[in-house]
Amino acid sequence: MKQRRRRAETAAVRGASDLQKKNGPVAPEIYQTSTFEVADNEEQIRVTTTDRYYTRWGNPTITLAEQTVTALEGTEAALVFASGMGAITTTILSLLKAGDHIVAQRDLYGGVTKFFSEWLPRLGIETTLVDTTEYEQHSRAIRPNTKLLYLESPTNPALRIVDMEKTAALARQHGLISMIDSTFGTPINQHPAEYGIDLVMHSGTKYLSGHADLTCGVISGRRDLIEQVGESRKTLGNCMDPHAAWLLIRGLKTLAVRVARQNDNALRVAGFLEQHAKVRRVHYPFLKSHPQYAIARQQMSGGSGMVTFEVDGSGDDARRVSEAMKLFTLATSLGGVESLVSIPVLTSHAMISAEQRAQMGVTEQMVRLSVGIEAVEDQIEDLERALEAVNSRVRVPVGSGPRS
Ligand SMILES: Cc1ncc(COP(=O)(O)O)c(C=O)c1O
């Protein structure tokens with residue numbers, strides 16, 4: 001489980017495919033079908049355990065996507081889902097039961113906080129949220145019925161970094177399943193399975209697909225756990241569409257080059273923002289000023305394409321800056337080739353309470369950038385111009401568009 005057979009850059013392009021010469025298409029086939037014909041009922045019974053029975057059970061294009069993710073993460077097995085939230089909810093519902101307990105860090109994607117605080121209690125599953133980087137608190141929160149240690153790193157949107165070695169060891173010591181949301185980290189910048197984390201999750205909607213054109217989720221890790229989750233996926237129905245799975249495979253082929261460029265651009269953007277008079281604070285793991293800079297450098301090969309900053313002004317100033325940007329498109333989500341800007345209190349963390357946001361340190365002044373692969377000079381020019389909107393008297397009306 002700890003050994004990656006192919007380097008991530010190669011696995012992204014070639015998956016787990018056999019590199020022997022053979023005749024056939026270079027691009028994979030799409031099995032755009034919901035069902036598969038059989039010769040007789042004997043065969044009908046036999047195919048139920050294969051990926052040629054019914055697409056909610058499995059499908060060869062979905063299998064190929066899963067094999068690619070497995071190779072990329074260096075894990076034993078993987079599953080793909082219709083969305084990142086689909087991956088998270090299906091996994092947790094599959095592995096936990098009434099009476100179980102979760103220890104989770106406080107900084108989480110808002111949808112997960114909502115699932116833990118509003119949904120799981122209805123099913124008799126309790127969660128204790130602990131300070132993200134205070135590992136003594138993680139340890140003290142563990143009870144006899146704790147089953148899962150749930151992590152996210154880098155965190156959305158404050159980009160805090162969780163020590164994967166420490167947390168994986170803690171989970172092992174107490175016999176807990178460890179699970180990490182590695183969406184912001186990408187399988188290029190970090191490899192949680194190498195630290196012994198049992199389950200690695202991504203919203204594939206973001207960097208893995210990379211072109212803002214599909215929603216999906218992936219989970220990879222220990223085969224015994226993945227098999228259990230796979231059984232539940234059939235019942236809960238969170239399967240991916242074959243065409244979307246094919247788009248995911250295609251997107252993954254360029255993951256390594258996209259992420260390398262996004263790492264470089266984001267570091268320069270973060271450096272620019274750090275010296276700007278109208279910026280109060282910049283959150284970026286590869287800036288020396290980041291509180292977990294040392295651990296970030298140790299466990300990540302790049303700082304990621306995400307940069308969050310706080311304007312030296314009000315929440316209205318943050319909104320004005322985001323609306324004044326032109327190259328950075330005002331839209332929620334992240335990880336695509338195009339640069340996006342969003343205000344976390346209005347988007348990724350709109351669905352949780354102001355109190356929960358305050359506990360995570362998510363402020364109204366925060367502006368979250370997903371730095372794309374355009375020329376970094378153009379990205380910086382766009383920011384420089386937009387930052388003139390801070391403390392300006394011109395009020396731009398602020399819409400309250402759809403939330404995700
Ligand atoms: C860190 C993180 N995890 C999970 C999700 C959920 O993914 P999806 O929107 O694909 O369901 C998101 C979505 O923004 C996210 O940012």
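Pro-154 sits in the loop that runs between strand S4 and helix H7 (164-173). This is a predicted model, so take the angles below as computed values. The peptide bond joining Ser-153 and Pro-154 is cis, with omega at about -15°.

Thr-186 belongs to helix H8 (residues 186-189), whereas Ala-212 lies in the loop between strand S6 (199-203) and strand S7 (217-221). Are they buried or exposed? Thr-186 counts as buried because 28 C-beta neighbours lie inside 10 Å, and the cut-off is 20 or more. Ala-212 has 18 other C-beta atoms within 10 Å, so Ala-212 comes out as partly exposed.

Here are the backbone angles side by side:

| Site | Angle |
|---|---|
| Ser-153 to Pro-154 | omega about -15° |

Leaving out residues up to four places away in sequence, Leu-148 touches Leu-95, Leu-96, Ile-102, Leu-176, Ile-177 and Met-179. The C-alpha atoms of Leu-148 and Ala-171 are 8.0 Å apart, although 23 residues separate the two along the chain.

Next, the helix pair. The axes of H3 (residues 60-73) and H10 (residues 242-252) come within 8 Å of each other and cross at roughly 30°. Since angles under 35 degrees count as roughly parallel, that makes H3 roughly parallel to H10. The crossing is left-handed. On the H3 side, the contact uses Thr-61, Ile-62, Leu-64, Ala-65 and Thr-68; these meet Pro-242, Ala-245, Trp-246, Leu-248, Ile-249 and Leu-252 of H10. By type, the contact residues of H3 and H10 split into nine nonpolar, two polar and no charged.

And the ligand? Which of the 14 residues around the ligand come nearest? They are Ser-83, Gly-84, Tyr-109, Ser-203 and Thr-205. The shell as a whole divides into 10 polar residues, three nonpolar and one charged.

Note on methods
Residues numbered from 1 in each chain as written. Predicted model: local features only at pLDDT ≥ 70, side-chain atom pairs only at ≥ 80, totals over all residues. Near = placed C-beta within 6 Å. Nonpolar A, V, L, I, M, F, W, Y, C, P; charged D, E, K, R; others polar. Axes fitted to C-alpha atoms, helices over the stretch in contact; angles between N-to-C directions. Helix = DSSP H or I, 4+ residues; strand = E, 2+ residues; numbered from the N terminus. Parallel < 35°, antiparallel > 145°, perpendicular 65-115°, else oblique. Left-handed = near helix turned anticlockwise from the far one by under 90°. Contact = placed C-beta atoms within 7 Å. Buried ≥ 20, exposed ≤ 12 C-beta atoms within 10 Å, placed from the backbone.
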